[in-house]
Amino acid sequence: MTTYVYDFHQGNRDLKDLLGGKGANLAEMTNMGLPVPPGFTITTEACREYLAHGAEPAALRDEVGEHLRALERAMGKRLGQADDPLLVSVRSGAKFSMPGMMDTVLNIGLSDDSVSGLARQSGSPRFAWDSYRRLLAMFGKTVLGVDGELFDEALDAAKKSRGTGNDLDLDDADLRKLVKTFKEIVRDRTGRDFPQDPREQLDLAVRAVFDSWNGERARLYRRQERIPADLGTAVNVVAMVFGNLGMDSGTGVAFTRDPGSGEQGIYGDYLQNAQGEDVVAGIRNTLPLTALESIDPPAHTQLLSIMGTLEEHYRDLCDIEFTIERNKLWMLQTRVGKRTAGAAFRIAVQLVDQGLISMDEAVTRVSGAQLAQLMFPRFGPAGQAEKIAQGMNASPGAAVGQVVFDSDRAVELAAGGIPVILVRRETNPDDLNGMIVAQGVLTSRGGKTSHAAVVARGMGRTCVCGAEEIDVDTRARRAIVPGGIVLQEGDVISIDGSSGAVYLGEVPVVSSPVVRYFEGDLAADGSDPLVDAVHRIIVHADQVRRLGVRANADTAEDAGRARRFGAAGIGLCRTEHMFLGERRQLVERLILADGDEARDAALAALLPLQRDDFVSIFTAMDGLPVTVRLIDPPLHEFLADLTELSVKVGVAMATGQPVAEEDVVVLEAVRRLHEQNPMLGLRGVRLGLLIPGLFALQVRAIAEAAVICRQAGGDPHPEIMVPLVGAVQELEVVREQAEGVLREVAAETGVDVPALIGTMIEVPRAALTAGQIAEAAQFFSFGTNDLTQMGWGFSRDDVESSFFSRYLDLGIFGVSPFESLDIDGVGRLVRLAVEEGRATRPDIKLGVCGEHGGDPDSVHFFHQVGLDYVSCSPFRVPVARLEAGRAAILGRVG
Ligand code: PEP
Ligand code: MG
């Protein structure tokens, strides 16, 4: 029989699938003997069943009942008991942390009866009524669907009538009144009274947590973070401990190291006389954790010791939530903490130096996506921009954009391509859509553990928080900064997530130190700990990886950069650009040539130009392979636009102007070459077979360039790649011609530079007949852009903007298959072609040069299917090196 409920003693940290992250770690801490309030976890499986059938599994009620009784026995009081109530919190907790995206209800068990019991037992009527008003608001909003602002407004009104802005100034009479108001709000809005039966409260709260899995913001967050939609959340029912019992109580969040910079040393926020979400919601400004040292020295000492224990145990940065109830410390949560990309690298090598993890493990602790983030530009000197405020450096990066004060407006402006900075007093989970589209987030309240900071770090979004000098008025859509400057919507500001500085105007950006390191301009010599960490990790990844990494580059400049970034050659040198610009005229002459002579003349004019291009690329990649792809796109791309030219000629004719002879000829050619589906038309190898001499010209240019390089003492390694092959016969014809040209050039020059001849595998039929094609190909390079386009049958140029967002919404795919390889479909074609290609020609060289070559997940797949190398844009080469290393290590483990 399925078990739906686990006591904390029964779980452990490996059960995240079932107990969610929070439940699994509460169980782990319980079993470590740390002070965790007793409780139990309702599994994700129960949630999945609820979501599938619209009702809780039948056995759940009794199981919860049993565990509740055990909890009551342990605590010596019953849930909601009138004279001394046991209260519980009901907290969501999915496998992957989704900060603030789902719901939590505290103080379940309080009622009109038990609130007096709690007042007597605690000796603090204020505390009892404060707890009750919190329950009513949380329950009203979360469980009963009442607009939360109504409670906030009532609370604000109560504070105002007391002439205060601080909730601590409300006394028990005020709070009692507030409870009455809250109950009226509930009745007004729902047509029913707040349920007084504690078990009913509990069951409804559990159901609300289940439901919150499919809440709008949770769905949005999952899509953003690529968390599968069908996992469901667990629910933790925990005996309440109270941080709002007076100034000897409080609640806090902390990290075992700085999650922003990776600096060693604990780090956190504390709020006295507060409960639950107060800290992260930025209700009052928090104290730094160090303040606890003087407020409550024993609790502080114990907390530090527990944090040390947790780090050793988890061998990683942990974040925690804790509560102090009348000087007694309780641990409410821990998990391996989110961190910025820079912190991830630094912490990984610190842990190696502390002997907690190996270098292999350090490589798996960071990701290509994080490395990519570190390669973004930073702010340079502020120049004209004026620094107007200083906040906390919550999530690094350099963001420039127009100020907006609400998330919907941010979405609106960003949709029009306007970069925006979301400016709020504090954010809450409803701001997620705004945070996603904004360049950066600026808040005036809350610390580094506030919602804004945590979510921004998770998304890699720049964030400055707690810039208290800024007075944000979201209703009036303006903010006042020191010196009386008024920021209006639309004003441009720059925020520096690494220093916390806020500037009026645009601050220019400079390249990141990590890029300067890869460029060779900055040494890993101990002067920048981040650069040192990246260096150590990438060097280790290089040592362990099996996959080679090449670059897609078609200029000497790109080739040079790719080489500095660690590319071991060029996997795709597209030759299209060599026919553009001023050379377009020559191509036009080639297309319009009305006989062999005119055509040969056009080709002859192109030859030296192409040859020079190749000389410079081979020189930049001296000693390393360069795969040159013969021309791919349809020829009309090199001619004038059909519509434009038709209009030009048509207008001239209609108005009796003279029509240029040349225009008429070109228009005729454009019409002749026009295709309804150019991507499926006369391109690639088909073009080479149809236009005599075109491929031969390119092969000659390659061969002659190689000879020139060799004669100059270089070591060129050309590889000739034929695009769009679908049948071995196509390749055979081209190969024969190409070999003829190579022989001719060798004979003419007396220098024989061997060149491999191979093909792209980018048409599904090529993948399906790879065994045959390998007879004629010395290498394959998977063109996964076209293979995706043709495998799915959708145009890569059109569909991403037309219906992909709908497909993503519907969960048809979690990420665009042009971004991350569709492993089940297109991946299957790749796998088949690898197997059959190798069966025919065991030493065939196999690579990939579609965009996926630089995508982290796809790199892992290419490692698994046994490709020899991936090829990607120069900037992604370090990312691919790192991911190839990670794939090798994780493959060994798994
Ligand atoms: C491909 O199709 O994956 C490829 C690399 O070629 P292109 O993007 O130039 O079509
Ligand atoms: Mg292609």
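Is aspartate 786 buried or exposed? Aspartate 786 is buried, with a relative accessible area of 2%, where buried means under 20% relative accessible area, exposed over 50% and partly exposed in between, taken with a 1.4 Å probe on protein chains only. This is a predicted model, in which local features need pLDDT of at least 70 and side-chain atom pairs count only at pLDDT 80 or more, while totals for chains, interfaces and linings use all residues. Residues are numbered from 1 along each chain as its sequence is written, chains are lettered from A and ligands numbered from 1 in the order in which they are written, and side-chain values use heavy atoms, with hydrogens and water left out.

Aspartate 786 belongs to a metal site. The magnesium ion (ligand 2) has Glu762 (OE) and Asp786 (OD) as its protein donors, at 2.0 to 2.1 Å. Donors are N, O and S atoms within 2.8 Å of the metal (3.2 Å for Na, K and Ca), and sites may look incomplete because water is not among the atoms. Glutamate 762 lies in the loop between strand S28 (756–761) and helix H29 (764–768), and aspartate 786 in helix H31 (residues 784–792), so the pair ties together parts 24 residues apart in sequence. Helices (H or I, at least four residues) and strands (E, at least two) are DSSP runs, numbered from the N terminus. Glutamate 762 is also buried, with a relative accessible area of 1%.

The domain assignment gives domain 1 (5–239), domain 2 (250–336), domain 3 (377–511) and domain 4 (545–634 + 675–893); such bounds come from an automatic or database assignment. Between domain 1 and domain 4, the C-alpha centres are 58 Å apart.

Next come the cavities. On a 1 Å grid over the protein atoms alone, a cavity is a set of points where a 1.4 Å probe fits but cannot get out, and lining residues have an atom within 4 Å of a point. Grid points are joined across faces, edges and corners, and a volume is the space filled by probe spheres set on the points. The largest cavity has a volume of about 130 Å³. Its lining has 16 residues, of which Ser89, Arg91, Met240, Val241 and Leu332 lie nearest the centre. Strands S3 (88–94), S5 (233–239) and S10 (328–336) each give two or more residues to this lining, and domain 1 and domain 2 each supply at least three.

The second largest cavity holds about 50 Å³ of space. Helix H28 (728–749) gives the most to its lining, with three residues.

Terms used: On a 1 Å grid over the protein atoms alone, a cavity is a set of points where a 1.4 Å probe fits but cannot get out, and a pocket is an open set with protein on both sides within 12 Å along at least five of seven lines; lining residues have an atom within 4 Å of a point.
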